[in-house]
Amino acid sequence: MTELIGRRAFLASVGAAGLGAAALLVGCAPTELVPVPSDEDATDVAVTVQVSDNRFEPAEVTIKPGQAVRWEFLGTAKHDVVSDDRTFVSELMREGSYTHVFDDAGKFPYLCSIHSEMRGVVTVESL
């Protein structure tokens, strides 16, 4: 009888540990990226960044509030532009462009979601 209780306790603890691990994995799962529409009609595009060969060129740009950055996608691999705070998120693409207007001053780091070595920063200077 003691062996049966010990076995039940063991199985219950393994089951609880499994549920705990599953909960942790769900909590660590990457969130799905929701694209933010491009500001294609922006009239004040201050900088164009080329996206190709697993890099942003130039990777760091400085603009003023109300200005836009346009990313032009070139090459054979798919890339996207995803800001750390998710205020701008492009689709994955090989060609075409994505534009975002920056209204507020600050630093806006971004990356390519599938090539983590691809990183850039948009600095918006205060007026």
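This report walks through a predicted protein model, from its overall make-up to a few individual residues.

Because the model is predicted, local features are described only where pLDDT is at least 70 and side-chain atom pairs only at pLDDT 80 or more, while totals for chains, interfaces and linings use all residues. Residues are numbered from 1 along each chain as its sequence is written, and side-chain values use heavy atoms, leaving out hydrogens and water.

**Overview**

Let's start with confidence: pLDDT is the predictor's confidence in each residue, from 0 to 100. The protein averages a pLDDT of 84, and 76% of the residues score at least 70. Where pLDDT is low, the predicted coordinates should not be read in detail.

The protein has one helix and eight strands, arranged along the sequence as α-β-β-β-β-β-β-β-β. Helices (H or I, at least four residues) and strands (E, at least two) are DSSP runs, numbered from the N terminus. Among contacts between residues at least 6 apart in sequence, 55% join residues at least 24 apart. Of the 127 residues, 29% count as buried; buried means under 20% relative accessible area, exposed over 50% and partly exposed in between, with a 1.4 Å probe and protein chains only.

**The sheet**

Four strands make an open sheet with mixed pairing, in the order S3-S8-S7-S5. Two strands pair if DSSP finds at least two bridges between them. Strands S3 (60–63) and S5 (82–83) are the edges, each pairing on one side only. The table sets out two of the pairings.

| Strands | Sense and bridges | Residues standing opposite |
|---|---|---|
| S3 and S8 | parallel, four bridges | Ile-63 and Val-124 |
| S5 and S7 | antiparallel, two bridges | Ser-83 and Tyr-110 |

**The core**

A nonpolar core is a set of buried Ala, Val, Leu, Ile, Met, Phe, Trp, Tyr and Cys residues joined through side-chain atoms within 4.5 Å. The largest one holds 20 residues, of which Phe-56, Trp-71, Phe-102 and Val-122 touch the most other members. Strand S1 (45–52), S3, S4, S7 and S8 each give two or more residues to this core. In soluble globular proteins, nonpolar side chains tend to be buried together. Beyond its neighbours within four places in sequence, Phe-102 is in contact with residues including Ile-63, Trp-71, Phe-108 and Val-122.

**A salt bridge and a buried aspartate**

How many salt bridges are there? The count comes to one, where a salt bridge is a side-chain nitrogen of Lys or Arg within 4 Å of a carboxyl oxygen of Asp or Glu. Here the partners are Lys-64 and Glu-125, at 3.7 Å from N to O. Lys-64 sits in the loop between S3 and strand S4 (68–73) and Glu-125 in the segment after strand S8 (115–124), so the pair ties together parts that are 61 residues apart in sequence. Lys-64 is partly exposed, with a relative accessible area of 42%, and Glu-125 is also partly exposed, at 39%.

Asp-80 lies in the loop between S4 and S5. Is Asp-80 buried or exposed? Asp-80 is buried, with a relative accessible area of 2%. Not counting residues up to four places away in sequence, Asp-80 touches several residues, among them Leu-33, Phe-56, Ser-90 and Cys-112. Arg-94 is 14 residues from Asp-80 in sequence, and their C-alpha atoms are 8.8 Å apart.

Terms used:
Contact = heavy atoms within 4.5 Å.
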